[in-house]
Amino acid sequence: MSPFELAEPTSIKEALGLLDTDDPAVRPISGGTALMLMMKAGVFRPTRLVSLRKVGERFVGIAARDGGLTIGAMTPLTAVEHSAEVARAAPVIPRIMQRLSNVRVRNVATVGGALAHGDPHMDLPPVLMALGASVAVVGPKGERVIKVEDLLTGYYETALHKNELIAEVRIPPQGKRRAAYIKFTAGSYDDWPAVGLAVALEAEGDTIKAATVVVSAATEKAVRLKSAEAVLAGARVDDALLARAGDAGVAEAEVISDLRGSAPYKRELIRVFVGRAVRQAMAANGATH
């Protein structure tokens with residue numbers, strides 16, 4: 001790796017002042033699990049990294065709030081995995097964690113980093129999208145709130161300005177909503193997915209009142225499949241309905257090929273996984289397979 005400066009500010013104001021909107025080689029770093037791989041591969045050669053480890057208490061920790069959750073951006077994934085508050089408010093999240101890379105990565109990687117990196121293969125962003133989560137973002141001009149759905153704008157691209165930082169993730173109360181996430185990996189159990197499929201449902205009996213369906217890894221960014229959502233809304237769950245929803249999702253998704261699978265292969269995975277994820281969410285177990 002090339003030499004670089006490591007800055008360790010102790011306040012958010014100092015951290016923002018160290019960022020440079022005109023220099024792409026200056027970048028903030030949280031857990032660094034993805035960024036360090038890019039640096040070792042020579043894909044990214046920073047001149048300065050701005051560490052966020054000491055910028056303030058708001059960036060770390062998990063708090064239950066009015067039935068929802070607030071998670072500091074610098075909170076490690078392991079803390080989220082073992083949080084009683086997260087298990088109560090959004091049980092699908094700790095259930096996915098054991099397949100979210102390995103424990104060494106989860107001990108270091110952070111919630112904010114998983115979102116700010118913009119990698120479409122990340123497992124957490126589609127789940128947060130399905131749950132209706134938002135992020136609080138701070139910058140020189142103050143603070144703004146962005147839905148996770150709007151934060152991810154393209155392949156490794158987000159709506160963050162170069163001098164903005166994610167401060168916290170906010171998950172609204174889920175009430176009786178049920179959620180599930182399925183990932184299919186072409187490699188090991190905890191590898192990056194070829195396809196990720198997150199679903200959150202409101203249902204009465206075997207009838208779906210409303211649904212949110214999100215696909216990731218097969219597309220350039222995690223994205224809602226609104227045509228599949230429309231098929232599911234107001235319908236009774238059966239095999240025919242789930243097949244129609246899968247077909248609608250495949251027709252809508254702009255699927256890409258990569259090392260983990262061809263586009264036609266991923267389309268078939270989406271076609272099947274929409275139905276499987278809905279079945280799991282209806283069973284209210286949210287488990288992954």
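Colleague: In this predicted model, why is Phe-273 called buried?

Modeller: Phe-273 has a relative accessible area of 6%, and because buried means under 20%, the residue is classed as buried.

Colleague: What makes Phe-184 and Tyr-265 partly exposed?

Modeller: The relative accessible area is 26% for Phe-184 and 39% for Tyr-265; partly exposed covers what falls between the 20% limit for buried and the 50% limit for exposed, so both residues are given that label.

Colleague: How many aromatic pairs are there?

Modeller: The count comes to three aromatic pairs.

Colleague: Why is the pair of Phe-184 and Tyr-265 called edge-to-face?

Modeller: The ring centres lie 6.1 Å apart, which is within the 6.5 Å needed for a pair, and the planes stand at 75 degrees; because an angle over 60 counts as edge-to-face, the pair receives that name. Phe-184 belongs to strand 11 (residues 178–184) and Tyr-265 to helix 12 (residues 263–282), so that this pair links parts of the chain 81 residues apart.

Colleague: Which residue lies over the face of Phe-44?

Modeller: Arg-27 does, at 4.0 Å from the ring centre, where the cut-off is within 6 Å.

Definitions and conventions: Residues are numbered from 1 along each chain as its sequence is written. This is a predicted model: local features need pLDDT of at least 70, side-chain atom pairs count only at pLDDT 80 or more; totals for chains, interfaces and linings use all residues. Side-chain values use heavy atoms; hydrogens and water are left out. Rings of Phe, Tyr and Trp (its six-membered ring) pair if their centres lie within 6.5 Å; planes under 30 degrees apart count as stacked, over 60 as edge-to-face and the rest as tilted. Helices (H or I, at least four residues) and strands (E, at least two) are DSSP runs, numbered from the N terminus. Buried means under 20% relative accessible area, exposed over 50%, partly exposed in between (1.4 Å probe, protein chains only). A charge sits over a ring if NZ of Lys or CZ of Arg is within 6 Å of the ring centre and within 35 degrees of the ring normal.
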